[in-house]
Structure formats: structure tokens, C-alpha cells
Amino acid sequence: MLDLASTNGQISQEQSLENSPLAIRGLTVSYGQKPAVFSVDMTVEPGKMTAIIGPNGAGKSTMLKAALGIVPPVSGQIQVFGKPLDAQRARIAYVPQRASVDWDFPTRVIDVVLMGLYRELGLLGRLRGDHKAKAMDCLDRVGMGDFATRQIGQLSGGQQQRVFLARALAQGADLYLLDEPFAGVDAATEKAIIGVLKSLREAGKTVVVVHHDLATVADYFDNVFLINTRKVAEGTVAEAFTAETLQAAYGGRLATAQVDQLALALG
Amino acid sequence: MLIDALLLQLGYNATLVAIGATLLGISAGVTGTFLFLRKRALVSDAISHATLPGVCIAFLLMASFGGDGRNLIGLLLGSAASASVGLWCLNWLTRNTRLAEDAAIGSVLSVFFGFGIVLLTVIQTLGVGRQAGLEGFLLGSTAGMLWADAMVIAVGGAVTLLLILLIRRPMTLVAFDPEYAAARGLPVSKIDMAMMGLVMAVTVVGLKIVGLILIVALLIIPAVTARFWTERSDYVVLLAGLAGGLSAYIGAAMSASAPNLPTGPIIVLVSFALFLFSLLFAPNRGVLAAVLRHFRFQRRVHLRQGLLALAQGQPIYEKLTLRLLRNGGLVRADGVATDKGKARAAKALRDERRWAVVRSDQAHEAAAALYDGLRQIESVLTQDQITEIDRQIGGPKEVLA
């Protein structure tokens, strides 16, 4: 393992591209003629938790989806652990927004988690006991073990979110990308999710989260990536999450009092 | 007569039709389930209507080259070709224009079908090469079914089922969560195309029996029927195959048991009967179950509210509540609580407090999720857990019901 953390973002461009779990260069994504993300560079630091923040419609989720090849970019390059995205799919786990699926789909909690083992199972591989044990273990880690055989539609929003996280855990990836995992969830879920994410970081994994709650950024994350269609700031929380950068990203949408309060909280 | 038909005792043709229809029903039910799960059921209607021009053009080509215009393989290849063109148009319209899929389906379906009908009329006025029976592709015609026709259906259905076995996991993943599937590197649009290709294969193979107008019923109704009985997608697939096969078999037998009963439409009606039965009587998702559940729920709410009112000495005005309490021997005719009523009321109040503890404690989350204000706390917690909760609440050690 290379100790990159100590260099604190001062690494040369080339080196960072080689070693970054996710490096984005010149990414532009557009729905129709209006770019949602414009010429964005991002270099995710390994073994850290990074928050992508910005106002509504700033292109946070779009950037994540483009990084995963879910939406086609107009231009830009994506490198995952120094290689093209498609060569590294097995090392990435994605947790989509809860609202992106139909929760009346005929499937149980355990079946959703087993989808995370898709690569291990292959097209015709038999579902064995150890697969189920692994899925159960992932459910236990998010505190959902007791729900394994329930229909997914019976879960609360927060529980659904945790099932999605368990599915990502089952993949055993090195890079975790989560799209608004804390949106509209209960306090218990938020606690469970952040606990799991921190344990992933302790295990040397890299976590990138699209986040909307400015109040918790400093508590939860090491690094911040501020975006409003264009990149506004990138770096450690101390560097990139300041009154100036927030004002630049949010403009008039964030009350001055709010900015001051956050700046105060950050010290 | 029907018994004979069900036991395949009605002669060569009837037996051939029954076997062919059953195989078709199974593969259509299984294939259609994935379409249903992907919420693209109506696409199959566009595909099937788009087969007609192909059938006609293939007939014209084969007849003009001096062959037998009614060669089934030739006609089916033609229908597959024009269905592919229709599917391509549909995908192009949805992807490259602002047209929503339902509008695109409507356009493709009507234009292709209209064109097919024009060709059909032209063929009939031309009077070339024994065209009689070509219109049978609209609603299916099994009267002159040959051994070779049955073989086409058997082989086509078997190949379709094998392919589904092979790609069932990616298809399910894409149907449930296409974004996640894409993030894992699955070729989502290719998987969708493969699914449509399978639907097309079933449609083409089924033209002879149910015809292009009704094939959508065989693809979709079994899946919808199966959904009533299970909450697992793999079981939906299996049950849909069963429902499809069963309705096709019974339908074919019924149409053989009396003269002039059209096979395809009868199969569709039998499949509707299975659907109706499921809609009404399925244990969880059925209408009857929902109505019963509602009444039972209402009674439990009234009883519970009545007990809590008794425990807190509040007056009860609701007639249903009073009647339920009286019937249970919990209050006397004049509305005063009996000893049994008092005990139950105290227990109800105690349980409310216990639930409050359970719901505020993260350790009991799975149990708390079952809270509905009615459920007996003993049904979700062990006696030890309840004792522990009672210790937290304090007060009397045991409250007996």
C-alpha cells in the first residue's frame, strides 16, 4: 500500500492519476444542449471518505453516473485505479438513489443482496449456502439481518437504503460510490450507514458520497468536492469546505447566516 | 367430449394442436414475465402487429418465385424480419425523439398493421398462389395444422426457454434496477434487445395458433396471474409458465371438443379465467383477501381502542366497539367492564407502554417495524425480552390477560 494520505493532495498530476481510485478528467455531461456537468476534473484520494456537495441541479448525481458509465458523457476521461473503467468494474460498488427502483418488484431482501454476488454467480452458477451466508453477513453489517425474507416493499425508506448498501458490500469492492444515501432516511439508518462507511475506510477502502446535508459534512468526511456544474473546490474539509467556497458554489441560495454558522462550526 | 379432448383422444390434429399450444403457452408465459417485470408489456403488442407486413411480403416473394407461398418457415422468417424492423423503429423513436414509449408503440403498431392489411388485401385481389388461409395469421388457425408446424413451435419454444435460462439473471437485474446493472458493467440495452428478441421469437412461433392480435395476451396475462401468488421473481417466472401452459392446453382441448370454436381466442379466455380466479382469491394480493383483511383490521382497531378506553375510564360511544366488547364478554350490557374486560384493558395499556420502549430502542428495530398498534407484543418478543422491558418501565411485575 502506498502512503498517499501524508502528501495530502500535493502529489503530481501523473502520479495521482495512476493511484487514484477514481480520476476524472475534462468530464462534460449534457442533457440536450444544456451541460449538467461542465469540464470537471476530480481526483479521489485513496482510503478516504469524500463528499460531493453542491446545490440542487448542480450535477452531483450526474457526475457520479457518468463516472460509472450509466449516462454517456459528451467528453472526458474516467480512470479507475489507473485503468479504464471497464477493466475495473469488479472493484466498484454503486449504491443508487432509493427512488430509482420500483419497490413493489417481486423480490425479497436477501434476493436483492444476492444481486451483489452477480459476478461470482455468473450466468448459470448454482446459488450455494456460502453465497447466502455471505449475503446474510452483509445484511447483519447494516443491521438488517432480521429482515432477510421480507418483501422489499414492506421496508421503510431507511431500511431500503440499507439493503442497497448491503448489496454493495456483497460485491467486496475497493471503491464505493453512493448517491444521496442519507436523503430522507431516519436517524437510525443514518447512524448505521455512516458506521459501515467508516469501517470500510478503516479497511482501506475508498468511499465517495453524493451528500446534501452541509451540517454533517465535517463530521462524516475527510475530503470535499464542491460542484455547481463546474468544479468549485476540491480538497480536505479544511481546504475546500469554507465560507468562500460555499458562497461560490451556492451563491444566494445559502443564507449568509447559514454560511457563517457553518464556518463557525468548522473553526 | 371435453374429457376426451383433455386426454388427447380427439384425433391426430387435435392432439397436435393441444401439444403445440401447451408448449407455446409455457414459453410465452415465461418470456412474457420478463417483459412484465421490465414494465414494457405493451412492446409485445407492437412487435406482434409488426409481423403482418413481413408475412405478406414473404408470401408474395415465395409465390412469385414459383414456390408454395404458404411455406410456414418462409412466412415466419418474413414475420421475424418485419417485426425486427418494427422493434428497431420503436427503439429509435424512444431513444432519439421526445416521443414517450407508449406513443411510439401506438405509432409503430398501427402503421405496421395498417400496411400489413393493405398488403393482405392486395394479395387477395391478385389471386396468386393459394393465398387462402393467410388471414389466419391474424387470429390463428389450427384447422390445417401439420406435424411440421407443431415441430416449429416445439423447437422454437424449447430454444427460447433455453436462452432464457441462460440470461435470466441479467434480465432480472436489469428489470429491477437498470442503473445498478449499468454500473456493474452489464450491457443494459443489449440485454433489453435480447429480451425483445425472445419475445419476437415467441410471437412468430405463436402466429399459427393464436395469431398476431392475441399473442400479447399469452405473453402478459400469465405473468400478471402469477404475480398474485408470490413475492419472488423466480417463482413468478415458473408460475407464469405453468399458467400459460395450462390455459393453452385447456383452451386447445375446449376448442377441439366442439365445432367452430376458435383455438386462439378460447385459450385467451381460459387464461383470463385463471387471471380472474387469482385476482379474486389469491391469498395476499387478491381482492377477497384485501376485503377480509380490512374488516378484520377494523374489528381489531375497534376492540383495541375500546380496551384502551376502558383502561383509562373513558366513555365509549361507537356502536361497533361496544358490540365487539359485549360479544367478547368484556363489558356488561349496561357498558360496565367485567373482570375479564378490566384485565384485558390493563394488559392493553401495559402493552402500549412496552411498545413505546421497543419503538424507541434501536436494538428492537425489526420488532418495532412490525408495530401497528394491534399486534400482540408476545408475538414479536420473547418472554425474557418482555421481562427486561417491564423492568425498564417499572411498576407491577406481571400483568395477566
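Trainee: What makes strand 1 and strand 4 of chain A a pair?

Mentor: Two strands pair if DSSP finds at least two bridges between them. Four bridges join strand 1 (residues 23-31) to strand 4 (residues 75-80) of chain A, so by that rule they pair. They run antiparallel. Among the partners, Thr28(A) goes with Ser75(A), and Ala23(A) with Gln79(A). Keep in mind that this is a predicted model, where local features need pLDDT of at least 70, side-chain atom pairs count only at pLDDT 80 or more, and totals for chains, interfaces and linings use all residues. Residues are numbered from 1 along each chain as its sequence is written, while chains are lettered from A and ligands numbered from 1 in the order in which they are written.

Trainee: And what counts as a strand?

Mentor: A DSSP run of E, at least two residues, numbered from the N terminus.

Trainee: How many bridges join strand 1 to strand 2 of chain A?

Mentor: Six, with the two strands antiparallel. Ser30(A) stands opposite Pro35(A) there. Their hairpin has two residues between the strands, and Gly32(A) takes a positive phi near 70°.

Trainee: Which strands of chain A are called edge strands?

Mentor: Strand 2 (34-43) and strand 5 (83-84), each pairing on one side only. The open sheet of chain A has four strands in the order 2-1-4-5, with antiparallel pairing.

Trainee: How many residues does the contact take from chain A and chain B?

Mentor: Chain A gives 25 and chain B gives 22, where contact means C-beta atoms, placed from the backbone, within 7 Å.

Conventions:
Contact = placed C-beta atoms within 7 Å.
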